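Work through the exercises below with the coordinates open. Each task is followed by a solution in steps.

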Amino acid sequence: MTITDHKDTLSEYLANPECRLAGLEHITEYLVSKSSDKVPYYHCNLEPCCNEQGKARQMFKHLNSYCHRKAWLAKAYNLEYSTRSQIDAWFQNNQFEMAQVNTIVDERLWEYCKLAMIRGGLVQIETNVLGQANKTSVKPKSS
């Protein structure tokens, strides 16, 4: 599977048995509803990843990036690799269990993620799209 393959959901990418992505436990999928035809948006809460957000293809690319893989190795195994060859070697020589993506079904939060307004492990929005004061804190549900 290549990054250029177009899928509407991250689970479509993950359906390929050759797809081994690290750090899925740090990804939250935002849905309007379970039956909506609107595509999900995704958010990565690993601190070095700078709140990467987007549709499935963008998140798939992010999950394959050196930035995300390096951040995950530091968080999961306390490994501080500085080169791509070190990161590649670790993934070639080690097995890891893929985690599950967290899912939140909430149209308001889906809209915030669509607009790249999700920040950190908590959703913290100081003003809503109309500019009205509206602070929200929501912890993504655990799987």
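**Exercise 1. Charges over rings**

Task: Find which ring the charged end of Arg69 sits over, and which residue lies over the face of Phe96.

Solution. Apply the criterion first: a charge sits over a ring if NZ of Lys or CZ of Arg is within 6 Å of the ring centre and within 35 degrees of the ring normal. The charged end of Arg69 sits over the ring of Phe91, 4.5 Å from its centre. Arg20 lies over the face of Phe96, at 4.9 Å from the ring centre.

The model is predicted, so local features need pLDDT of at least 70 and side-chain atom pairs count only at pLDDT 80 or more, whereas totals for chains, interfaces and linings use all residues. Residues are numbered from 1 along each chain as its sequence is written, and side-chain values use heavy atoms, with hydrogens and water left out.

**Exercise 2. The packing of H3 and H4**

Task: Describe how the axes of H3 and H4 cross, and state which residues meet.

Solution. Step one is to locate the elements: helix H3 covers residues 66-77 and helix H4 residues 84-93. Helices (H or I, at least four residues) and strands (E, at least two) are DSSP runs, numbered from the N terminus.

Step two is the geometry. The axes of H3 and H4 come within 10 Å and cross at roughly 65°. Axes are lines fitted to C-alpha atoms, for helices over the stretch in contact, with angles from 0 to 180 degrees between N-to-C directions. The crossing of H3 and H4 is left-handed, a term for a near helix turned anticlockwise from the far one by less than a right angle (right-handed if clockwise).

Step three is the contact list, where contact means heavy atoms within 4.5 Å. H3 contributes Tyr66, Arg69, Lys70, Trp72, Leu73 and Tyr77, and these meet Arg84, Ile87, Asp88, Trp90 and Phe91 of H4. Sorted by class, the contact has seven nonpolar, no polar and four charged residues. Here Ala, Val, Leu, Ile, Met, Phe, Trp, Tyr, Cys and Pro count as nonpolar, Asp, Glu, Lys and Arg as charged, and the others, Gly among them, as polar.

**Exercise 3. Aromatic pairs**

Task: State how many aromatic pairs the whole structure has, and work out what parts the pair of Tyr41 and Trp110 ties together.

Solution. Rings of Phe, Tyr and Trp (its six-membered ring) pair if their centres lie within 6.5 Å; planes under 30 degrees apart count as stacked, over 60 as edge-to-face and the rest as tilted. A search of the whole structure gives 10 aromatic pairs. One of them joins Tyr41 and Trp110, edge-to-face, at 5.5 Å centre to centre and 70° between the planes. Tyr41 belongs to strand E2 (residues 41-44) and Trp110 to helix H5 (residues 107-114), so this pair ties together parts that are 69 residues apart in sequence.

Next, accessibility: buried means under 20% relative accessible area, exposed over 50%, and partly exposed in between (1.4 Å probe, protein chains only). Tyr41 is buried at 9%, and Trp110 is buried at 5%.

For Trp72 and Tyr77, the ring centres are 5.5 Å apart and the planes lie at 80°, so the pair is edge-to-face. Trp72 is buried at 4% relative accessible area, whereas Tyr77 is partly exposed at 40%. Trp72 and Tyr77 also belong to one aromatic cluster with Trp90, Phe91 and Phe96.

**Exercise 4. Positive phi**

Task: Where do Cys50 and Asn78 lie?

Solution. Cys50, not a glycine, has a positive phi of about 55°. Cys50 is placed in the loop between E2 and strand E3 (53-54) and is exposed at 62%. Asn78 has a positive phi near 55°, lies in the loop between H3 and H4 and is exposed at 62%.
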